[in-house]
Each structure stands twice: as structure tokens, then as C-alpha cells.
Amino acid sequence: MRLTCWGAAGEVTGSMHLLEVGPKRILLDCGLFQGRREEARKKNENFPLDVHDIDAVILSHAHIDHTGRLPLLIKKGYAGPIFCTSATRDLCSVMLPDSGFIQEKDFEFLHKRGQNHLAEPLYTAADATRVVDSMMSLPYDRPLDVTPGIRLTYTDAGHMLGSASVVLDLDAAGAQRRLVFSGDVGRWGLPIIRDPKPPRGLADVLIVESTYANKVHESVREAQGLLANYVNKVAKRGGKIFIPAFAIERAQELIYELHSLARDNAIPKIPIYVDSPLAVNATDVFRLHPEAFDVSERLVRETDDLFRFPMVKYVRSVDQSKGLNTLRGPLIVIAASGMAESGRILHHLRNGIGDSRNLVLIVGFQASYTLGYRLQEGAKEVRIYGEMVPCRAEVATIGGYSGHADRNELRQWVQGLEQTPKRAFTVHGETEQLQAMAGLLRDLGVKQVDVPSLGQPFEI
Ligand SMILES: [Zn+2]
């Protein structure tokens with residue numbers, strides 16, 4: 001048996017691992033590389049495998065950096081099954097066409113500038129729609145033979161709706177191995193979704209994410225307190241709160257948290273505008289999957305609908321979105337993109353960051369080349385749509401809503417396996433975090449730990 005990491009190796013995005021079990025070839029995830037435009041584009045264009053050799057794809061969760069090369073796979077002629085949970089399939093049915101639309105826009109943009117070396121987009125929204133036809137969904141904790149000799153079981157990874165860790169019981173010519181792929185590990189106590197459930201038992205091989213292996217977040221409870229304080233403070237001064245948020249999961253968690261705080265009278269009932277068609281569509285998918293919710297949460301038990309309540313308004317059209325600029329505060333706008341690099345958040349920021357009553361609230365990871373990062377670092381002036389805009393608004397960060405386990409939670413997750421894995425690979429992290437995760441695993445007694453580089457094969 002052999003493992004080769006073709007993405008999320010030495011970096012966070014592009015998650016894709018090839019597993020060869022005798023003659024069978026299985027892909028774990030098929031994610032898009034994200035980041036600096038040129039660099040990411042090149043990596044995505046050069047698909048390293050012949051898709052006709054692949055027997056099955058197994059997804060951990062719906063995030064684009066884990067699924068965003070699936071339309072390319074289908075476009076290249078892949079005809080096999082794609083296994084995932086049912087919530088992942090439904091989220092993919094809105095997220096992948098959105099990603100296709102972005103690819104089409106990107107292609108047009110380059111074409112206008114005369115910089116296009118490709119004859120067509122990486123893939124289109126129509127290509128992306130076809131992916132869902134090949135998806136086969138599987139509930140948590142119910143083993144399924146993907147092909148003879150490869151048995152798949154999902155456990156809840158607690159990272160986003162439908163997210164899973166992958167357990168594979170492998171048998172090739174009498175050699176048996178149990179491989180565990182963590183997927184992205186969530187946090188204990190995140191709103192809406194259930195806590196991570198590490199798959200118990202001895203793993204011969206563990207592939208584990210490392211995003212925050214060297215960081216410690218504030219607790220989810222502390223995050224809620226901070227959120228309430230900021231909303232109260234800005235409401236009192238009549239300001240607007242702009243929250244750049246990933247359309248999936250983070251946006252729904254914030255809606256849920258604000259709903260919960262308002263019900264407890266911990267914040268005033270000011271309007272919340274969710275200004276992202278993708279977030280609106282994703283919220284509909286959340287509504288379809290109450291089976292994935294944490295039933296011990298009070299709001300889940302007490303309300304018929306977590307996401308529809310008088311304070312919240314969903315904005316689809318561009319005209320409505322622009323109309324928000326003319327409204328007076330206090331109000332809250334949640335809009336994509338999460339790092340304020342594109343999307344509707346840009347026009348809200350251009351219109352609003354000059355006013356010192358307003359607040360830009362950062363709730364997710366900001367890569368160092370993004371507008372979100374520059375605001376977070378306290379820039380006095382930033383470029384938006386090619387114009388310099390002075391920033392007089394307050395900018396604050398709440399780290400506790402991260403969807404990724406921190407160092408302590410990653411340790412808790414590995415200990416939750418209950419037996420020390422024989423061997424481990426650290427993926428899905430920047431160099432410092434990958435090394436920190438490798439160190440953490442060695443401290444926990446794992447004898448053989450590797451930090452794979454892209455395309456490096458390992459016999460397992
Ligand atoms: Zn993820």
C-alpha cells in the first residue's frame with residue numbers, strides 16, 4: 001500500500017491524498033488550491049493524476065479547499081463514485097457551482113486584460129453541477145465497502161455541517177491496515193454542530209491536519225462574551241458592524257450566536273443583514289439537516305427555525321445589497337468573502353470604514369496578503385476597488401469562532417483515538433504548524449511521524 005499527498009502537503013489548501021491499495025486507487029479529498037491568484041491558478045491547472053486510473057473519491061467535508069477540484073475531475077472524464085455525507089453533498093450542490101461561477105469570472109477578467117493563456121475556464125458552473133450526480137452519501141458510523149478490500153466509516157469531525165473524519169479498513173492480498181484521516185478537526189463547543197468524535201481504535205496510519213497545531217484559541221464561551229460586548233458598544237454609538245465571513249458555517253454560526261444573544265437580551269435587537277447569495281443558499285441547506293445539529297443546545301430545542309427570526313434579513317439581489325449603504329446604524333452586515341478579498345463585503349467596507357462609529361469585526365483566519373489582514377494590522381488607509389480609502393472605523397478580532405481545533409484540541413482529538421497510532425503524517429498546515437503537530441504526536445508516543453512534501457510517495 002502506498003500514500004502520496006497531492007495537496008495540503010506543506011500548506012493549508014488543495015487537500016488531496018492518493019491511496020494505492022493493491023491495484024485500487026482511492027482519492028481522499030479533491031480540493032482546490034487557494035491563495036495568491038497566479039500561484040494557485042498554476043497549481044490547479046496541473047492536475048497530477050490520470051483520472052481514469054482512480055476507482056473512488058472519498059470526501060471529508062464540503063469546503064472548497066477539500067472539494068474544489070472535483071468539477072475538474074469530472075470534466076477530465078472521471079466516472080467513478082464520490083463518497084461523502086449527505087450534508088456534504090447538499091452543501092456541494094450550492095458551493096461547487098458558485099466556485100464554477102468564480103472560475104468563469106476569473107477567466108473573463110484575464111481575457112479582458114489579454115493575459116489568458118487558456119482556451120476556457122478551469123471549469124464552469126455547469127461542470128460543477130454535474131459533480132453531484134456522482135455523489136453517494138453515507139451516514140456517520142455506518143461502515144460501507146467502497147470496493148472489496150476497502151471499508152469506509154465516517155465519524156463526525158465537528159468542523160462544519162456534514163464534516164467527517166475518514167476511517168478506512170484496508171485489505172490488500174492479506175495485508176490489513178487501518179487508516180484514519182482526520183479531515184479538518186473542529187472545536188468542542190462550537191455553535192450548532194456537534195463536537196468532534198475521534199474514531200476509537202488502533203490506527204496503523206494516521207493522516208492528521210495541523211492548521212493551528214501551534215496556537216491556542218480563546219474558548220467559544222469567551223468569544224460569545226466578546227461578541228456581545230462589541231454589539232452593545234457599537235449599537236450605543238449608532239454605528240454599523242461589518243463582519244467579513246465565509247459564507248458556509250461561519251456565517252450560520254454568527255447568525256445563531258446573535259439569535260441566541262438577542263433571546264437572552266444580552267444584545268439589543270438591531271437588524272442583521274446577511275448579504276451573500278451563497279450564504280443564503282447554504283443557510284437553506286443547514287435547515288435541511290437538523291440531524292447534524294447538537295440537540296443538547298437550547299436554541300435547537302426551543303426554536304423551530306434557528307436562522308429565521310425577526311432581526312435577520314437575507315439579501316440576494318445586488319440592488320438590495322447596495323441599498324444597505326443608505327441605511328443608518330445601528331445594524332450588522334455579514335458578507336463574504338471571509339478575508340475581504342472579493343465579494344460584497346468590499347462595497348460595505350469602502351462605504352463604511354471612514355466612519356469612526358463603525359466596527360469591522362474579524363472572525364476568521366486572514367492570510368497575510370489580504371485586505372482583511374491589512375485592516376486587522378491597523379492600516380490607516382487601504383486600497384479598495386483601486387482607490388485609497390481612509391480607515392477610521394474600529395477593527396477588532398474574535399479568534400474563538402475558528403472552525404479548526406487549536407493545539408490543545410488537536411491533542412485531545414488524538415488522545416480520543418484511545419490507542420497511540422503506529423505511524424502518522426501531518427498535513428494541512430504551514431511549516432511551523434506541521435512541525436508543531438509532528439512534535440505533539442511524538443510527545444504522545446507516535447514512533448514514526450512524517451511531514452510529507454507534495455508528490456512524495458510513502459509505503460505504508
Ligand atoms: Zn475545512
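Q: Are His159 and Asp184 buried or exposed?
A: This is a predicted model, in which local features need pLDDT of at least 70, side-chain atom pairs count only at pLDDT 80 or more, and totals for chains, interfaces and linings use all residues. Residues are numbered from 1 along each chain as its sequence is written, and side-chain values use heavy atoms, with hydrogens and water left out. By relative accessible area, a residue under 20% is buried, one over 50% is exposed, and one in between is partly exposed (1.4 Å probe, protein chains only). His159 and Asp184 both count as buried.

Q: Which residues are the protein donors of the zinc ion?
A: Donors are N, O and S atoms within 2.8 Å of the metal (3.2 Å for Na, K and Ca), and sites may look incomplete because water is not among the atoms. Lying 2.2 to 2.4 Å from the zinc ion, the protein donors are His61 (NE2), His63 (ND1), His159 (NE2) and Asp184 (OD).

Q: How many residues apart in sequence are the parts that His159 and Asp184 tie together?
A: Along the chain, the donors of the zinc ion follow the spacing H-x1-H-x95-H-x24-D. Helices (H or I, at least four residues) and strands (E, at least two) are DSSP runs, numbered from the N terminus. His159 lies in the loop between β8 (150–156) and β9 (164–172), and Asp184 in the loop between β10 (175–181) and β11 (205–209), so the parts that this pair ties together are apart in sequence by 25 residues.

Q: What is the angle between helix α4 and helix α8 where they pack?
A: Axes are lines fitted to C-alpha atoms, for helices over the stretch in contact, and angles run from 0 to 180 degrees between N-to-C directions. The class of an angle is roughly parallel under 35 degrees, roughly antiparallel over 145, roughly perpendicular from 65 to 115, and oblique for the rest. By this scheme α4 is roughly antiparallel to α8. Their axes, those of α4 (residues 86–112) and α8 (residues 277–288), are 9 Å apart, and the packing angle is about 170°.

Q: Which residues of α7 make the contact with α6?
A: The axes of α6 (residues 220–236) and α7 (residues 250–263) come within 11 Å and cross at roughly 70°, and the two helices are therefore roughly perpendicular to each other. Contact means heavy atoms within 4.5 Å. On the α6 side the contact is made by Gln224, Leu227, Ala228 and Val231, and on the α7 side by Glu257, Leu258, Ser260 and Leu261.

Q: What is the relative accessible area of His348?
A: His348 is found in helix α11 (residues 345–352). Not counting residues up to four places away in sequence, His348 touches Phe242, Asp275, Ser321, Leu324, Asn325, Val333 and Ala335. His348 is buried, with a relative accessible area of 2%.

Q: What is the C-alpha separation in space between Pro148 and Ala172?
A: Pro148 lies in the loop between β7 (144–147) and β8, and is exposed, with a relative accessible area of 74%. Pro148 and Ala172 are 24 residues apart in sequence, while their separation in space, C-alpha to C-alpha, is 9.4 Å.
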